[in-house]
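Please keep the sequence and the model in view while reading.

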Amino acid sequence: MKSSVIATVKNLLAKPFVLFMLLSCCSTEAASVRWLRNDLPPLYIVQGPSAGTGIVDKVIQFLTEKLPHHNMSSVYMNPKRFWFEVEQNQNYCRADAFKTAKRQQIAIFSIPFYFVPPVQIVMHHLDWQALGEPRSMKLSSLLQDNRYHGVITDKASYGKTIDELFRQYEDRSKVNFTRETISPQSLFSMINVRRIDYTVENTMFLDRYLATAENTDLKKIKIEEESNFYTVHIACTKNPWGTLVMADFNHVLKRHRMSEDFLDSLRRDGKLLYEEFYFHHLEEFSTIK
């Protein structure tokens, strides 16, 4: 599989619209960069023998190696606190951000360095059966169905389309979902014991939960309003400091985001994150700057 990755990337890099070559190197001005680090395997792993080997952990390590003149460190915080600190003009970065119009008011974003599948609805199999066992459904229909109450993570972005849907339905007098500062694993547990009816989440977290939890029977349902994929970015505070460090991050990403060395950062147990999905949409992604 690794040789096929190299062959595919080489073929794409041969195309003029993908070949990014910068004439000058990174800035010589040193800066201190504090990265968000969250307890969210497999993206971040902060405990145990595998600590520091999460996917986003390794992306940060890659950037640290390529930009040794910057002093990089990590700060343990949840995403809600991160966006609060950025809004207060405190200098922080994170390497797993979705870009939204609201966030662009307070943060500067890198070029996209990866892409992920759209989120899906997660619910208990009994509720899934009651709905007719759908493989896909409109999230807007579920948000209008007062038989079901959902919970989503406060301050999380689920991509432009889903964020806008939640925003529209939050403005209504009857709202059948709430936002809470809570981990995906806790949300799945709440669905499993029937405390809530549904959530919307990245399937990577659900697959991990199902692999480790006992006596679960949750279902994931594709959202019909969704896009093909969402791009992942570095986000830093929107100020002169953020502009400086982001220029260097973009320099590295433009040269390496499709290289085999960088893709090694996005592997877990030897397998590329969303490998089949990645190759299916790779050519489309390669044209995004």
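Two axes count as roughly perpendicular when the angle between them is 65 to 115 degrees. This model is predicted, and that criterion can be applied to its helix α2 (residues 55-66) and helix α10 (residues 240-256), whose axes come within 10 Å and cross at roughly 105°. The two helices, α2 and α10, are therefore roughly perpendicular to each other. On the α2 side, the contact is formed by Phe62, Leu63 and Lys66, while α10 contributes Phe249, Val252 and His256. Sorted by class, the residues of this contact of α2 with α10 comprise 4 nonpolar, 1 polar and 1 charged.

The crossing of α8 and α9 is right-handed. Pro184, Gln185, Phe188, Ser189 and Asn192 of α8 make the contact with Phe205, Leu206 and Tyr209 of α9. The residues in the contact of α8 with α9 include 5 nonpolar and 3 polar ones, with no charged residue.

Attention now turns to a single residue. Histidine 125 lies in helix α5 (residues 125-130). Its relative accessibility is 18%, so histidine 125 counts as buried, the cut-off being under 20%. The side chain of histidine 125 is joined to that of histidine 124 by a polar contact of 3.4 Å. When neighbours within four places in sequence are set aside, histidine 125 is in contact with Asp217 and Lys219.

Definitions and conventions. Residues are numbered from 1 along each chain as its sequence is written. This is a predicted model: local features need pLDDT of at least 70, side-chain atom pairs count only at pLDDT 80 or more; totals for chains, interfaces and linings use all residues. Side-chain values use heavy atoms; hydrogens and water are left out. A crossing is left-handed if the near helix is turned anticlockwise from the far one by less than a right angle, and right-handed if clockwise. Helices (H or I, at least four residues) and strands (E, at least two) are DSSP runs, numbered from the N terminus. Contact means heavy atoms within 4.5 Å. Ala, Val, Leu, Ile, Met, Phe, Trp, Tyr, Cys and Pro count as nonpolar, Asp, Glu, Lys and Arg as charged, and the others, Gly among them, as polar. Axes are lines fitted to C-alpha atoms, for helices over the stretch in contact, and angles run from 0 to 180 degrees between N-to-C directions. Angles under 35 degrees count as roughly parallel, over 145 as roughly antiparallel, 65 to 115 as roughly perpendicular and the rest as oblique. Buried means under 20% relative accessible area, exposed over 50%, partly exposed in between (1.4 Å probe, protein chains only). A polar contact is a pair of N or O atoms within 3.5 Å; within protein, one must be able to donate a hydrogen and the other to accept it, and residues adjacent in sequence count only if both atoms are side-chain atoms.
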